[in-house]
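Me: Hi! I'm new to this one and would like a friendly walk through it. Could you show it to me first?

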Amino acid sequence: MKKILIIQQKMIGDVLLSSLICENIKIAKPEYQIHYLVNHNTLPVLENNPYIDKIIVFEKKQDESFIELIKFSKQLNSEKYDIVIDAYSKLQSWTIVLFNNAKQKISYKKTGRSFLYTNNIIKHNQPKSDLGLAIEHRLLLLQPLDIKINKTFPTLYVTESEKKMASDLFSQHNINNNKKTVMISLLGSDESKTYPLNYMTELVDFIGKQYDVNILFNYFPKQLQQAKHVFDNCSEITKSKIAFNLFGNDLRSFIAIMDRCDMIVGNDGGAINMAKALNKASFIIFSPWIEKKIWATFEDGIKHVSVHLNDFKPELFTNKTTKELKKDNQELYQIFATDLILKKLQLFLDGQVNN
């Protein structure tokens, strides 16, 4: 029996996609022990996952103190892993790998870091399938193990009690189960990934006026002000379709609520990735500085559709670095007006709402 450590210290979307590494190994080699190292805030998306034997939490103190990081790395080494797969490949994971005595260490090829690993995987620049680069690159990490790929779609595991909780919530808020329900991803993980709220209001209002659907907002209580701004500026007909007070107080409740929805529309981020992992249709608005080809997973133009300013005004991106795009992000967002998006959104909604 081999013991394998998979490292993915980052955000929800990253942890969800890298769970495919765990699942494919466990399906192919059920006798292997799979340990998954993640940040504390991402734990809810791994609950009930039957393919992970142990979750190891990377705490804030290890992120902020190099001494604590070294202690943590040495402690991990006591687990005597046979294989370490570093899907994160940043300073923290490099340190963990450096102090680990695993015979096989796998990660992406990076200048000046190759000596840490027995297998340095070269990423390709263009997607070779509709999986998107984010998934394709992670599955590449399995090549040195000669693992057959059985799963290419990450999964969230919702319990029956969670499903009942969501069903009860829908009943309490008088959600019409005979209509499709659209979740709006109102806010990105930060301001640089959040479509301007005045434009988002226009999109929500378009959905409310044109389609006979239920509308939910994804926001946390601390984001109430922004959510209320969008709601208050919608037409009365749209407001009547929005169940404004039906939202999740934490990630697991959001997951249960999203499981009862039919689709998600809005900002790229964790909510979108969770919706996809629940097999829901998605329409994503990418931030101008984010590379769409990486995170536009399962893009088929029907069930999964995304838009990026580069799709409409590629001249704005010519010879621009990511750093330059991030600096000009808010200005580019203002150019990314709803008139560029509405035709694609309408085609998406026509296919999802009317079928």
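Reply: Happy to! A word on naming first: helices (H or I, at least four residues) and strands (E, at least two) are DSSP runs, numbered from the N terminus. By that rule, tryptophan 295 lies in helix H12 (residues 292-295).

Me: And what sort of model is this?

Reply: This is a predicted model, where local features need pLDDT of at least 70 and side-chain atom pairs count only at pLDDT 80 or more, while totals for chains, interfaces and linings use all residues. Residues are numbered from 1 along each chain as its sequence is written, and side-chain values use heavy atoms, with hydrogens and water left out.

Me: Ok, back to tryptophan 295. Is it buried or exposed?

Reply: Tryptophan 295 is buried, with a relative accessible area of 18%. Buried means under 20% relative accessible area, exposed over 50%, and partly exposed in between (1.4 Å probe, protein chains only).

Me: What does tryptophan 295 touch?

Reply: Leaving out residues up to four places away in sequence, its contacts include Gly13, Asp14, Leu17, Arg138, Asp268 and Phe286. Contact here means heavy atoms within 4.5 Å.

Me: Where does arginine 138 sit?

Reply: Arginine 138 is in helix H5 (residues 133-140), and it is buried too, at 7% relative accessible area. Beyond its neighbours within four places in sequence, arginine 138 is in contact with Gln8, Asp14, Leu17, Ser18, Ile21, Tyr108 and Trp295.

Me: Let's switch to sheets. What is the strand order in the sheet of six strands?

Reply: That open sheet runs S3-S2-S1-S4-S5-S6, with parallel pairing. Two strands pair if DSSP finds at least two bridges between them. From one strand to the next, the twist averages 15°; axes are lines fitted to C-alpha atoms, for helices over the stretch in contact, and angles run from 0 to 180 degrees between N-to-C directions.

Me: How many bridges join S4 to S5?

Reply: Three bridges join strand S4 (residues 83-86) to strand S5 (residues 104-108). Isoleucine 83 has glutamine 104 as its bridge partner in S5.

Me: Which strands does H1 touch?

Reply: H1 packs on this sheet against strand S1 (3-7), strand S2 (33-39) and S4, and its direction makes about 175° with that of S2. Helix H3 (residues 66-77) also packs on the sheet, touching S1, S2 and S3.

Me: And what about the sheet of five strands?

Reply: Its order is S8-S7-S9-S10-S11, an open sheet with parallel pairing. The edges are strand S8 (214-218) and strand S11 (304-307), each with a single partner strand, so one side of each has no neighbour in the sheet. Inside it, strand S7 (residues 181-185) and strand S9 (residues 263-267) pair over four bridges, with valine 182 opposite methionine 263. Helix H10 (residues 251-259) lies across S7, S8 and S9.

Me: How many residues does the largest nonpolar core have?

Reply: The largest nonpolar core has 103 residues, and Ile25, Ile85, Ile184, Phe217 and Leu345 have the most contacts inside it. Helix H1 (residues 12-28) gives the largest share, eight residues. Such a core is a set of buried Ala, Val, Leu, Ile, Met, Phe, Trp, Tyr and Cys residues joined through side-chain atoms within 4.5 Å.

Me: What does leucine 345 touch?

Reply: Not counting residues up to four places away in sequence, leucine 345 touches Leu203, Phe206, Ile207, Val265 and Phe283. Leucine 345 is one of the buried residues of H16.

Me: Where is the kink in H16 centred?

Reply: The kink, about 25°, is centred on lysine 344 in helix H16 (residues 338-353). The bend at a residue is the angle between axes fitted to the seven residues ending there and the seven starting there.
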